[in-house]
Amino acid sequence: MQSNSNSSSRIPLSERFLYYRDLFRMYMAGAADADMARLRADFDRIDSLTKSTLGRGFAHLRAVEIGFGAKPYRIMYFNARGVDAFGIDMDQPVLEGSPQEFLKIARRNGPLRAVKSFARFTLFERNARRRFFDQIRRSIDPRFEFNSKRLVIGDAGAPDVWKRMTVEPDLIYSFSVFEHIDPDSLVRLLEFLRQRIRADALLYIIVTVYTGLIGAHLTEWYAHRLAEKDKRSEPWEHLRRNRFQPDTYLNKLTRRQYASLFSTYFEVLQDRPLWPDLGKEYLTDAVRRELPQYDEYELLSNDVCFVLRPRQAAA
């Protein structure tokens, strides 16, 4: 059910080159390294939520991550902090850099993905992974070893995938994955999760909403590059001139569409942007006039946290 269309074949070669150039520069600047401060912040936000909602700290819960990605730092960090966490993803990650891993990637996701993964891991991620584990062992657990069996490759909406995990989750979480799932598959996934999740469990979903400034995943609008001058694209380019395409599939759902979809299957406890003022200085009167169909709820969405729980049966 999750989209594995991670690259868009519609992108012109020149645009793809510029995207890879920007990506290379980001990796040279340290993008391969784990952002420990952000991981701590993610943990603390979830910990505060579970204490107030479930009465237990995150470290004492069982969890499943949907879409751990090519760099599964988050699940590793949460596991080191005591969370009994498993993860599901459609794509095979590179953990050791073995030939077998790259062969699996080539078979499952094509030779281009395998080549990109090999280059990324060899040039940047191998050493970044070592630094990450060194930090974990210095600051959290000197004996920590991550069990790769906690990473399950498959469809998060398939019952047999869940059978491969020895956990009945108290929490299902996902970070910036749902926007890459096509709408029909997303509906099927939510229907499955509603049936699968326990009545007292929670879903913690971060979505990079398309209507936000960073919603098109154009690298020059990422938060750490927001202040850079001489951008090729305009603010909310994807909602205005739409001249540039991202190197990934996006379902283009709005924040209201997510809220409506989630509320069809769950009770929505939170619908909150993580960075509510990100890009507000670019939301000029001229931009507002061009986009009258969108209000600040949509345009200042960016990364939005949705907290969901199963609807309680009427007494």
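This is a predicted model: local features need pLDDT of at least 70, side-chain atom pairs count only at pLDDT 80 or more; totals for chains, interfaces and linings use all residues.
**Stop 1: confidence.** Colour the protein by pLDDT. The mean is 90, and 89% of the residues reach 70 or more. Now select residues 4-9. Here pLDDT stays under 50. For this stretch the model has 18 contacts beyond four places in sequence.

**Stop 2: the largest nonpolar core.** Select Phe58, Phe132, Tyr173 and Tyr204. These residues have the most contacts inside the largest nonpolar core, which has 37 residues. Next, show the elements around them. Helices H2 (36-53), H3 (73-80) and H5 (111-139) each supply at least two residues of this core. So much for the helices; strands S3 (151-153), S4 (171-175), S5 (202-208) and S7 (303-310) each supply at least two as well. Which helix gives the most to this core? H3 does, with six residues.

**Stop 3: Tyr173.** Centre on tyrosine 173 and show what surrounds its atoms. Leaving aside neighbours within four places in sequence, Tyr173 is in contact with Ala63, Val64, Glu65 and Ile66, among others. Its contacts also include Arg74, Ile75 and Phe78. Ala85 and Tyr204 are on the list too.

**Stop 4: helix H7.** Select residues 183-196. This is H7, with 14 residues. From first C-alpha to last, H7 reaches 20 Å, close to the 20 Å expected at 1.5 Å a residue. Show the side chains of Ser185, Leu186, Leu189, Leu190, Phe192 and Leu193: these are the buried residues of H7. Now look down the helix axis. The buried residues of H7 fall within an arc of 165 degrees, so they line one face of the helix. Turn to the face away from that buried side, and you find the exposed residues Asp184 and Gln195.

What do the buried residues of H7 pack against? Their partners are strand S1 (62-66), helix H6 (159-163), S4, S5, helix H8 (255-265) and strand S6 (266-273).

Move to the N-terminal end of H7. Aspartate 182 caps it. A side-chain oxygen of aspartate 182 lies 3.2 Å from the backbone nitrogen of aspartate 184.

**Stop 5: Thr248.** Go to the loop between S5 and H8 and select threonine 248. Is Thr248 buried or exposed? Its relative accessible area is 16%, and the cut-off for buried is under 20%, so Thr248 is buried. A polar contact of 3.3 Å joins its side chain to that of threonine 248.

Definitions and conventions: Residues are numbered from 1 along each chain as its sequence is written. Side-chain values use heavy atoms; hydrogens and water are left out. A nonpolar core is a set of buried Ala, Val, Leu, Ile, Met, Phe, Trp, Tyr and Cys residues joined through side-chain atoms within 4.5 Å. Buried means under 20% relative accessible area, exposed over 50%, partly exposed in between (1.4 Å probe, protein chains only). Helices (H or I, at least four residues) and strands (E, at least two) are DSSP runs, numbered from the N terminus. Contact means heavy atoms within 4.5 Å. pLDDT is the predictor's confidence in each residue, from 0 to 100. The expected span of a helix is 1.5 Å times one less than its number of residues. The arc is that of the directions from the helix axis to the C-beta atoms. A polar contact is a pair of N or O atoms within 3.5 Å; within protein, one must be able to donate a hydrogen and the other to accept it, and residues adjacent in sequence count only if both atoms are side-chain atoms.
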